[in-house]
Amino acid sequence: MKNLRMKYFDLSPELMSGFRAVKVALEKSVVDQNFIELVYLRVSQINGCAYCLNLHTNSLLKAGETQRRISEVAGWRVSDQFSKKEQAALNWAEQLTLISTSHADDESFELLKNFFNDTEISDLTFAISLMNGMNRLAISMRQ
């Protein structure tokens, strides 16, 4: 692993506080925190953020998530470990993380409506967007 390129969190404290504020607000979300951590993990897998993979794996383990489910997040489409609700959220996480090719298609959005209310969809979308931003900061600065 390479050394941290710069301490961006110290160099841009006001900007980092915005990211932290979103994270704190998401901790009060009606969406279950383990569910949000699962989505964070999937986004971090797609983006290849080793720092975040470790962080969210440990958070899930501490919260009682099974090693098997954590190990199978990347293969959720072929795993029997995830509910239809979790699958819809993991699909949405992939749609938004790979937005340049997926364009956040209508079918994926409509699938969410089977399991989540509008506020939950909004919070879930914020969580996915936050993690994509955090991954890009961590990866680009070699955290």
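Tutor: Let's start with helix α3, residues 33-47: it has 15 residues and reaches 21 Å from its first C-alpha to its last, close to the 21 Å expected at 1.5 Å a residue. Keep in mind that this is a predicted model.

Student: Okay, which residues of α3 are buried?

Tutor: Phe35, Ile36, Glu37, Leu38, Val39, Tyr40, Leu41, Arg42, Val43 and Ser44.

Student: And what covers them?

Tutor: The cover over the buried part of α3 includes α2, α4 (50-62), α5 (67-72), α6 (84-97) and α9.

Student: Let's go to α9 then. How far apart are its end C-alpha atoms?

Tutor: They are 33 Å apart, and that agrees with expectation because 23 residues at 1.5 Å a residue should span 33 Å.

Student: You mentioned α2. At what angle do α2 and α9 cross?

Tutor: Roughly 145 degrees, with the axes of α2 (residues 13-26) and α9 (residues 118-140) coming within 10 Å. The crossing is left-handed.

Student: Which residues make that contact?

Tutor: From α2 you have Met16, Phe19, Val22, Lys23 and Leu26, and from α9 Asp123, Phe126, Ala127, Leu130, Gly133, Met134 and Leu137. Sorted by class, that's nine nonpolar, one polar and two charged residues.

Student: New topic: what does UniProt list for residues 15-95?

Tutor: An unreviewed UniProt entry gives "domain: Carboxymuconolactone decarboxylase-like" for residues 15-95. In the model, that stretch is 72% helix and 0% strand, with its end C-alpha atoms 26 Å apart.

Student: Is histidine 103 buried or exposed?

Tutor: Histidine 103 counts as exposed because its relative accessibility is 59%, and the cut-off for exposed is over 50%.

Student: And what about arginine 142, where is that one?

Tutor: Arginine 142 is in the segment after α9. Arginine 142 also has a positive phi of about 60 degrees without being a glycine. Its relative accessibility is 26%, so arginine 142 counts as partly exposed.

Notes
Residues are numbered from 1 along each chain as its sequence is written. This is a predicted model: local features need pLDDT of at least 70, side-chain atom pairs count only at pLDDT 80 or more; totals for chains, interfaces and linings use all residues. Side-chain values use heavy atoms; hydrogens and water are left out. Axes are lines fitted to C-alpha atoms, for helices over the stretch in contact, and angles run from 0 to 180 degrees between N-to-C directions. Helices (H or I, at least four residues) and strands (E, at least two) are DSSP runs, numbered from the N terminus. A crossing is left-handed if the near helix is turned anticlockwise from the far one by less than a right angle, and right-handed if clockwise. Contact means heavy atoms within 4.5 Å. Ala, Val, Leu, Ile, Met, Phe, Trp, Tyr, Cys and Pro count as nonpolar, Asp, Glu, Lys and Arg as charged, and the others, Gly among them, as polar. UniProt positions are given in the numbering used here, feature names are shortened, and annotations may be inferred rather than shown by experiment. The expected span of a helix is 1.5 Å times one less than its number of residues. Buried means under 20% relative accessible area, exposed over 50%, partly exposed in between (1.4 Å probe, protein chains only).
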